[in-house]
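Have a look at the sequence and the fold before reading on.

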Amino acid sequence: MLDVAALITVLPRITTPTLTAHDVGQLDLVDLTAIGTEVLGFFMSKADKANLPASPTA
């Protein structure tokens with residue numbers, strides 16, 4: 001589950017080039033979800049990642 005307020009706080013601290021809180025707030029929902037998923041994946045343990053369902057291939 002992604003917390004938009006948390007993303008607005010953390011993304012300006014970790015992005016290059018730096019996204020401001022305003023920039024993050026203006027992102028399209030699809031883009032914000034993609035970025036948030038990457039951030040979430042970074043913080044997940046290997047065990048949590050192993051328990052995820054397999055993603056369908058296109």
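What follows goes from helix packing to the core and then to a few individual residues.

First, some ground rules: this is a predicted model, so local features need pLDDT of at least 70 and side-chain atom pairs count only at pLDDT 80 or more, while totals for chains, interfaces and linings use all residues. Residues are numbered from 1 along each chain as its sequence is written, and side-chain values use heavy atoms, with hydrogens and water left out.

Start with helix 1 (4-14) and helix 3 (29-43); helices here are DSSP runs of H or I with at least four residues, numbered from the N terminus. Two packed helices are described by the angle between their axes and the distance between the axes. For helix 1 and helix 3 the angle is about 75° and the axes are 11 Å apart, where axes are lines fitted to C-alpha atoms over the stretch in contact and angles run from 0 to 180 degrees between N-to-C directions. That makes helix 1 and helix 3 roughly perpendicular, the label for 65 to 115 degrees. Helix 1 brings Val 4, Leu 7, Leu 11 and Ile 14 to the contact, and helix 3 brings Leu 32, Ile 35, Gly 36 and Val 39; contact means heavy atoms within 4.5 Å.

Now for the core. In soluble globular proteins, nonpolar side chains tend to be buried together. Here the largest nonpolar core has 5 residues: Leu 7, Leu 11, Val 24, Leu 32 and Val 39. Such a core is a set of buried Ala, Val, Leu, Ile, Met, Phe, Trp, Tyr and Cys residues joined through side-chain atoms within 4.5 Å, with buried meaning under 20% relative accessible area, exposed over 50% and partly exposed in between (1.4 Å probe, protein chains only). Leaving aside residues up to four places away in sequence, Leu 7 touches Pro 12, Val 24, Leu 32 and Gly 36.

Next comes Thr 15, in the loop between helix 1 and helix 2 (21-26). Thr 15 is buried at 17% relative accessible area, and a polar atom of its side chain sits 2.8 Å from the backbone oxygen of Leu 11.

Asn 51, in the segment after helix 4 (46-50), is exposed at 66%. A polar atom of the Asn 51 side chain lies 3.1 Å from the backbone oxygen of Ala 47.

Technical notes:
Helix = DSSP H or I, 4+ residues; strand = E, 2+ residues; numbered from the N terminus. Polar contact = N/O pair within 3.5 Å; in protein donor to acceptor, adjacent residues only side chain to side chain. Parallel < 35°, antiparallel > 145°, perpendicular 65-115°, else oblique.
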